Structures are given as C-alpha cells and as structure tokens.
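Hi everyone, thanks for making time. Have a look at the model on the screen, and I'll walk you through a few pieces of it.

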Amino acid sequence: MTSSARPLLNRRLAEFGTTIFAEMSALAAATGAINLGQGFPDTDGPEEIREAAVRALREGRGNQYPPGPGVPELRTAVAAHQLRRYGLSYDPDTEVLVTAGATEAIAAALLALVEPGDEVIALEPYYDSYAACIAMAGGRRVPVTLRPHAGAFRLDLDELRAAVTDRTRLLLLNTPHNPTGTVLTREELTAIAALAVERDLLVVTDEVYEHLVFDDAEHIPLATLPGMRERTVTIGSAGKTFSFTGWKVGWITASPALVTAVRSAKQFLTYVASGPFQYAVAEALALPESHFAAFRKDMRARREVLAAGLAQAGFGVFKPAGTYFVTTDIRPLGETDGFAFCRALPERAGVVAIPNAVFYDHRAEGAPYVRFAFCKRKGVLDEAVARLKRLAV
C-alpha cells in the first residue's frame, strides 16, 4: 500500500473510469432486462466456421504461439479479400498484420504513429476506446462532430478542414460509423483524401462494419482513393463480419512501412492471440458473396423490426445506413438526459440501451441521443419492442 498522495492512475487515463458497457450490462443482469446496449450478437456465426476452429484445435494448429504477424493462411485470406472486394492489392507477408481484434489494432496504430502532443482528429461521437488510445499515446484528440441532418448524422467538411492545424498528425475515421450508422459517401471520402494529401496526414480507418451496409449505401475503403494507399492504415475484424466477437481476430492492411510501425507497438501488447481461430477466420473470409449478402439481408430485417418499434414507442429514430445500431432521440418522449433515461429504462421498460453522450467530448451534444443494438434474434427484438411501447402509454 503506498503512502504517497499521488494518484495511482496515470493522469492520461484519469478521465476514463469503468466503461458504460460494463455498467449497463451489469444493470441488465441485475434487473433481467433485455440487453440492447452492448453490440454483440446473441447467435453464433456459421457452423462450418466453428467447425474449422475445432478442426484447427484438434490438428494442433495454433495451440502454441502463432507467428507474430499472424498465420500465413489468414494473412493470405485478408489480402485476397481486399483484392476481390475492393481491387486493393496487398502483400500478405509485408502489408497485412493480424491483431487481437480491432480494438488492439486501433491501440497499436495510435501508439506507433502518434507522438506526445500530436493532434488526432476523430469523428464525434466515437467508439470509446479511441479517446483512451489517443490519451495513452500522449496525443491530443480533436473531435469533429457529426450532426443530424435530413434524418442522418452528417459530416461538415468545412469543420473538418478547419480542425486541421500544423500539429495534426492523423485522422481517425470510422465508416460505417458506430454509433450513428452513418456511411461516408464517395464525395465525402474524396474530400477527406484530398485534405490528407494536401496536409500530409496519416489516416487510420476503422472499417469493421464494412459488410453491414444497407439500402443504397456503399462502403468505399479510403485506401482505394488517389494518394491514400501509402498513408492509410485500414482496420478489419472477424467479430462483426462473422458474429464471433469472442474470438478477437482483427487485422490491418497498409504499406510495409506502416505495418512495420504498427507491429512494433503491437508486439508489446498481446504479442500474439487467437491462434486456432485465425485458421477458421481464413476460411470464413473465403466464403462466397452469397453468405455476405444473406448476412446483410438478415441484419436489415432486424433493423426494420427495431427501428419501427422504436418509432411506435415514441422515439425519434435515425435509421442507420450501416452497422447494427440505431440511434434515437429521446426528446419526443419528453426526456433530455440520456444517462438518466438509460439508467431508469431497465426498471421502466425492461430494456437496456446506451447513452450516446459517452461517445462525445462535448457531452451536451450527445445528451438527448440513445443507442440500441439490433444484432439480436428476432424474438428478442419483438419482446424488446413490446416492452418499449410501454413508454408511449
């Protein structure tokens, strides 16, 4: 036990306590509420991919430390996926790195590429690990806020340009975007690419929801645009694509210099992880396009169930163009404080959600917004909707 008055927690992390996901999941368990807060599916991914993991275990593949960059089969599969879907050619040996999920990829990229004092621009609201990872790297986060416009949350390109200074090192993008469900358009991405080239910025793009885009939206990797391949670290994940979030298999694709830099940080985080699962994910990435189309169709149907039910319950609903989250406005219900609303919701309606304010530096911007996840079985969503309709009475 220390006798010093100095705080135990590093000052860079002092603002970060227990995550809202832990708090809300505990509340769901304590009350028996349906958990539409944390974004994990309640069904497993394809049976043949689970069997591939079992087969790897039985055959002794991955039971010991896998290679630091990831098993060759998975690196080859990632490169093939990027080429087949987007026309992006990557060398599996020098331009692909396997990570312990996308969260480690984000952490390793920021620790590797950001010097203390560098500014990192991120689209607000943002996944909560972004802020913590920027802080651990000693960077200064600069939020550029997505705001409601015509039924969706949109980026103000002028605000983004104005946020870039001589101290800006890196843009941290997320598209499809969690929590708002926004998918950046080709026009927006083209403008971002031009800005990055003009100001000589690095870009880290979190594209873990790349296969979950709906309606007329299109996922366009930033690395496909002129001048971007050599300055972009693209992050992907098996968890969101194949509904195996517990396997923690992610990856980056980038130029050899960027991969080498990120690997230098990653090797001192987990070193390696998820050995047998890497072989299974390699097989998953080779599934036919019909699998991904069916996955999107199924999630789109679940989106419709939840979005319609939330509207009937009295919420303002922003129907997402991507991801598996619906952002809602609670002001039509006479509420303005998302934290208070979410903490009371399990008792009021037997459902758990997440207050979007936790994803903002400017908490007031996110105060009236609440996020629900629709990556659940239809019966669960139907029951959640029935419970939420009590709010409209």
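Let me start with a convention: angles under 35 degrees count as roughly parallel, over 145 as roughly antiparallel, 65 to 115 as roughly perpendicular and the rest as oblique. This is a predicted model, where local features need pLDDT of at least 70, side-chain atom pairs count only at pLDDT 80 or more, and totals for chains, interfaces and linings use all residues. Residues are numbered from 1 along each chain as its sequence is written, and side-chain values use heavy atoms, leaving out hydrogens and water.

Now, the helices. The axes of α1 (residues 20-31) and α12 (residues 338-349) come within 9 Å and cross at roughly 20°, with axes being lines fitted to C-alpha atoms over the stretch in contact, and angles running from 0 to 180 degrees between N-to-C directions. The two helices, α1 and α12, are therefore roughly parallel to each other. Who touches whom? On α1 the contact uses I20, E23, M24, L27 and T31, and on α12 F339, C342, R343, P346 and E347; contact means heavy atoms within 4.5 Å.

On to strands, which pair if DSSP finds at least two bridges between them. Strand β3 (residues 119-124) runs parallel to β4, joined by six bridges, and E119 has R140 as its bridge partner in β4. Five of the six residues of β4 (residues 140-145) are buried, so this strand is largely enclosed by the rest of the structure; buried means under 20% relative accessible area, with a 1.4 Å probe and protein chains only.

Last, an open, antiparallel sheet of four strands, ordered β11-β12-β15-β14. Its edge strands, β11 (316-318) and β14 (354-355), each pair on one side only.

How values were computed. Buried means under 20% relative accessible area, exposed over 50%, partly exposed in between (1.4 Å probe, protein chains only).
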